Amino acid sequence: MGDRVEIFEVGPRDGLQNEKREIPVAEKVALVDCLSQAGFNRIEVASFVSPKKVPQMAGSGDVLTGIKRADGVRYAALTPNMRGYDDAVSAKAGEIAVFASASEGFSKANINATIEESIERFKPILEAARHIDLPVRGYISCVTDCPYDGATAPEKVAEMADRLFALGCYEISLGDTLGQATPDSVARMLLAVREVVPATRLAGHFHDTSGRAMDNIDAALTMGVRVFDAAVGGLGGCPFAPGSAGNVATELVHEHLTRLGYETGLDKDILNQAADMARTMRGS
Ligand code: HMG
Ligand code: MG
């Protein structure tokens, strides 16, 4: 049996959040229910953010309460502040995520906070989650490039990873939000981050704007990363990163990893079925 590599499915959140068509909750629930049969351990399905900023995520509570929860699958939600945390807990999210940026420009555009202010917002979330044993993941955006500030210094990413890990995030997902990373910039960034957080607690989150996501996954695999975020059908893009495209497609990452001899535990036919659903939802 090959080495295990986990794909964290983010399509119902990162994938759909940028879609212009108002997608009914029932369609989102159907997509998640299909994904629940594919063998994932973790699926991100919700985001408790301002509906004015991200209208597509407005029905997140209904999605979490509408899905059929499969054994062994944790359903995740983004929580930018305590209000989001309370909503996620009420809707019985199985884990939550705080999301920060390694660059000031994106932090301000995305969550209307400086990096320092964002850390202050996250502290009570992590504190509250600890009391109820709710796992918290930490995202860092713009780990190699920022649409506002240009190239990101690897040391800045390492500093953020260190802080989020110290606050209690069980895993740090490193986001190439813009999809401009290269295998070299990913390797340089990971060299710095691995100094402060073990590779076993890191995930790669690659958007495929420049078609290099798979090469970047290969670079991260070489550096010891064994968790990758992906979205079925390559759905996605971030509304606050102009020009960003979809997440790397889950079914292609699965195929690639399988070819390299890794085990993902995923069912190819169900992935393809979910990818078809995702494409229909997007209307492409
Ligand atoms: P703010 O403007 O600093 O805060 O927003 P505020 O507290 O003054 O609130 C502004 C408005 O949002 C108010 O409504 C609040 O009620 C409402 P209004 O008075 O204008 O009607 N509000 C909320 N509504 C629902 N749920 C909440 C909530 N909090 C406030 N939890 C805030 C701060 C972060 C909330 C806002 O800027 C926001 O929602 N931003 C959207 C951020 C976002 O969702 N970005 C996309 C996800 S991140 C991503 O995609 C990157 C990632 O994939 C990794 C990668 O690729 O790099 C993770
Ligand atoms: Mg993303």
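How many helices and strands make up the secondary structure of the protein chain?

1. Overall content. The model is a predicted one. The protein chain comes to 11 helices and 10 strands. Its radius of gyration is 17 Å, close to the 19 Å that the globule rule gives for 284 residues, so the chain is as compact as a globular protein of that length.

2. Extent and contacts. The C-alpha trace of the protein chain spans about 45 × 40 × 35 Å along its principal axes. Of the 284 residues, 50% count as buried.

3. Packing of H8 and H9. Helix H8 (residues 183-193) packs with helix H9 (residues 213-222) at an angle of about 35°. The axes of H8 and H9 are 8 Å apart, and H8 passes H9 in a right-handed crossing. On the H8 side the contact is made by Pro 183, Val 186, Ala 187 and Leu 190. On the H9 side it is made by Asp 215, Asn 216, Asp 218, Ala 219 and Ala 220. The residues of this contact divide into 6 nonpolar, 1 polar and 2 charged.

4. Arg 13. Is this charged residue buried or exposed? Arg 13 has 29 C-beta neighbours inside 10 Å and therefore counts as buried, the cut-off for burial being 20 or more. Its place is in helix H1 (residues 11-15). Leaving aside neighbours within four places in sequence, Arg 13 is in contact with Glu 44, Val 45, Ala 46, Ser 47 and Leu 78. Arg 13 and Glu 117 are 104 residues apart in sequence, with 24 Å between their C-alpha atoms.

5. Val 45. One of the contacts of Arg 13 is Val 45, which lies in strand S2 (residues 42-47). Val 45 is buried because 29 other C-beta atoms lie within 10 Å. Beyond its neighbours within four places in sequence, Val 45 is in contact with Pro 12, Arg 13, Val 32, Val 63, Leu 64, Ile 67, Tyr 75, Ala 76 and Ala 77. The C-alpha atoms of Val 45 and Glu 6 are separated by 17 Å, and the two residues are 39 residues apart along the chain.

6. With 17 other C-beta atoms within 10 Å, Val 89 is partly exposed. Val 89 and Thr 79 are 10 residues apart in sequence and 10.0 Å apart in space, C-alpha to C-alpha. Lys 92 is in the loop between H4 and strand S4 (95-101). Lys 92 has 12 C-beta neighbours inside 10 Å and so counts as exposed. Its phi is positive, about 60°, although Lys 92 is not a glycine.

7. Asn 112. Where is Asn 112 found? Asn 112 is in the loop between H5 and helix H6 (115-131). Phi of Asn 112 is near 55°, a positive value in a residue other than glycine. Asn 112 has 13 C-beta neighbours inside 10 Å and so counts as partly exposed. The backbone at Lys 92 and at Asn 112 can be inspected for these positive phi values.

8. Ala 166. The place of Ala 166 is in helix H7 (residues 154-167). Ala 166 counts as exposed, because it has 11 C-beta neighbours inside 10 Å and the cut-off for exposure is 12 or fewer. In sequence, Ala 166 and Ala 26 are 140 residues apart; in space, C-alpha to C-alpha, they are 38 Å apart.

Technical notes:
Residues are numbered from 1 along each chain as its sequence is written. Chains are lettered from A and ligands numbered from 1 in the order in which they are written. This is a predicted model: local features need pLDDT of at least 70, side-chain atom pairs count only at pLDDT 80 or more; totals for chains, interfaces and linings use all residues. Helices (H or I, at least four residues) and strands (E, at least two) are DSSP runs, numbered from the N terminus. The radius of gyration is taken over C-alpha atoms; the globule rule is 2.2 Å times the number of residues to the power 0.38. Axes are lines fitted to C-alpha atoms, for helices over the stretch in contact, and angles run from 0 to 180 degrees between N-to-C directions. A crossing is left-handed if the near helix is turned anticlockwise from the far one by less than a right angle, and right-handed if clockwise. Two residues are in contact if their C-beta atoms, placed from the backbone, lie within 7 Å. Ala, Val, Leu, Ile, Met, Phe, Trp, Tyr, Cys and Pro count as nonpolar, Asp, Glu, Lys and Arg as charged, and the others, Gly among them, as polar.
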